[in-house]
Amino acid sequence: MAKTITLSSAPGTAEVYSKAVGAMLPVVGKPATVRADAVIPERTYRMENIRVDPDRLHAYTRVTGQRFGSTLPITYPFVLQFPLAMKVMTDGDFPFGAVGSVHLENTIHRLRPIGVDEPLTIDTHAENLREHRKGLLIDMISEIRVGTELVTTQTATFLKQQRTSLSDEPRGPEPKQYAPPPPDSILSVDLGRIRQYAEASGDRNPIHMGNLTAKAFGFPKAIAHGMWSAAAAVANVEAQLPDDVTYTVRFGKPILLPAKVNLYTRRIDGAGAFDISVLDRRKGAPHLTATTRGA
């Protein structure tokens, strides 16, 4: 039977990341390979009466380029639910570790804008463990309410890399490398900006915080948060989005720091409908592909 646990305060960053790193240690950590039929704990974590810190929100908007106003940026629900998602993934009976998992996709369905002064209740749980050619996927689902009114749902899909029964399936054709067309704008990002984002968002995953720690996890250099790029990419069109809108993002090639990347935004028929992409400036490889669609 599903169980809901109400927390009196958000889990601390130091606590969850120490548990996340501990889960990677041999013998005492979590297994390197996870069965596709592994049991996902039927447990929901809840926080009630959450109040947005305006200083932290202001820092977030400065580093992402989004507007600081009377309502929350469309991507800010990810920040609000992040401590609960980490709590779910660092529990001892969760089948794999948080650090080392890849944030592959993200979907935010905003039913209406959230006022910065509204008290919020957030429920977060994991579901839908399934095979993928590169490993196992799992969805982290968060529901955000004002009182009993559902105002936003947030779904983050994570990849646990390992061999599965799908690993030997034929791959699609490799994307062709090409010099991309002139961008609508250029996003510039360096380690300093990403550390500012980590402070504002609470996401201090070691792969983002420095070159040495990123190399320990298989990256040649520190990489930008996917959700920083998701926030920066939507910033220029956010004022044109309807109240009821879904922002869907798929992450591609990591952005190695420092970097300048091409941003493209194309309006589609329909209120607030845009196709958005962030591409490598030289080879055109996608770092991010995204859509916004009204209800």
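**Close-up views of a predicted model**

A search of the whole structure, which is a predicted model, finds 15 salt bridges. The legends below describe selected pairs, followed by other local features.

**Figure 1. Salt bridge between Asp-91 and Arg-43.** The side chains of Asp-91 and Arg-43 form a salt bridge with an N to O distance of 2.9 Å. This pair links distant parts of the chain, as Asp-91 lies in the loop between H3 and strand E3 (102-110) and Arg-43 belongs to strand E2 (residues 43-50), 48 residues apart. Asp-91 has a relative accessibility of 8% and therefore counts as buried.

**Figure 2. Salt bridge between Asp-123 and Arg-46.** The closest N and O atoms of Asp-123 and Arg-46 are 2.5 Å apart in this salt bridge. Because Asp-123 is in strand E4 (residues 120-132) and Arg-46 is in strand E2, the pair ties together parts of the chain that are 77 residues apart in sequence. Asp-123, at 9% relative accessibility, counts as buried, whereas Arg-46 is partly exposed with a relative accessible area of 27%.

Figure 3. Salt bridge between Arg-250 and Glu-105. The side chains of Arg-250 and Glu-105 meet in a salt bridge at 2.3 Å, N to O. Arg-250 is located in strand E8 (residues 245-251) and Glu-105 in strand E3, so that distant parts of the chain, 145 residues apart, are linked by the pair. Arg-250 counts as partly exposed at 38% relative accessibility, and Glu-105 is also partly exposed, with a relative accessible area of 31%. Surroundings of Thr-75. Thr-75 is found in the loop that runs between helix H2 (54-64) and helix H3 (76-90). With a relative accessible area of 0%, Thr-75 is buried. The side chain of Thr-75 makes a polar contact of 2.7 Å with the side chain of Tyr-60. Neighbours within four places in sequence being left aside, the residues in contact with Thr-75 are Tyr-60, Gln-66, Ile-108, Met-227, Ala-230, Ala-231, Val-234 and Tyr-247.

**Figure 4. Burial of helix H7.** Helix H7 (residues 226-234) is mostly covered, since eight of its nine residues are buried. The buried residues of H7 are Met-227, Trp-228, Ser-229, Ala-230, Ala-231, Ala-232, Ala-233 and Val-234. Among them, Met-227, Ala-230, Ala-231 and Val-234 are in contact with Thr-75.

Figure 5. The largest nonpolar core contains 70 residues, of which Met-140, Tyr-247, Ile-276 and Leu-288 touch the most other members. H3 gives the most to this core, contributing 10 residues. Apart from neighbours within four places in sequence, Met-140 is in contact with Ala-85, Val-88, Met-89, Phe-94, Thr-124, His-125, Ala-126, Gln-154, Thr-155, Ala-156 and Phe-158.

**Figure 6. Pairing of strands E7, E9 and E10.** Strand E7 (residues 185-189) and strand E9 (residues 259-267) run antiparallel and are joined by five bridges. Ser-188 has Lys-260 as its bridge partner in E9. E9 also pairs with strand E10 (residues 274-280), in the antiparallel sense and over seven bridges. In this pairing, Thr-265 stands opposite Ile-276 in E10. E9 and E10 form a hairpin with six residues between them, and Gly-270 in the turn has a positive phi of about 120°.

Figure 7. The unreviewed UniProt entry places the feature "domain: MaoC-like" at residues 192-270.

Figure 8. Most peptide bonds are trans, and most residues other than glycine have a negative phi. The peptide bond from Leu-257 to Pro-258 is cis, with omega near -5°; Pro-258 is found in the loop between E8 and E9. Asn-49, in strand E2, has a positive phi near 55°. Asn-128 has a positive phi near 65° and is placed in strand E4. The relative accessible area of Asn-128 is 41%, so this residue is partly exposed.

Note on methods: Residues are numbered from 1 along each chain as its sequence is written. This is a predicted model: local features need pLDDT of at least 70, side-chain atom pairs count only at pLDDT 80 or more; totals for chains, interfaces and linings use all residues. Side-chain values use heavy atoms; hydrogens and water are left out. Helices (H or I, at least four residues) and strands (E, at least two) are DSSP runs, numbered from the N terminus. Buried means under 20% relative accessible area, exposed over 50%, partly exposed in between (1.4 Å probe, protein chains only). A polar contact is a pair of N or O atoms within 3.5 Å; within protein, one must be able to donate a hydrogen and the other to accept it, and residues adjacent in sequence count only if both atoms are side-chain atoms. Contact means heavy atoms within 4.5 Å. UniProt positions are given in the numbering used here, feature names are shortened, and annotations may be inferred rather than shown by experiment. A salt bridge is a side-chain nitrogen of Lys or Arg within 4 Å of a carboxyl oxygen of Asp or Glu. Two strands pair if DSSP finds at least two bridges between them. A nonpolar core is a set of buried Ala, Val, Leu, Ile, Met, Phe, Trp, Tyr and Cys residues joined through side-chain atoms within 4.5 Å.
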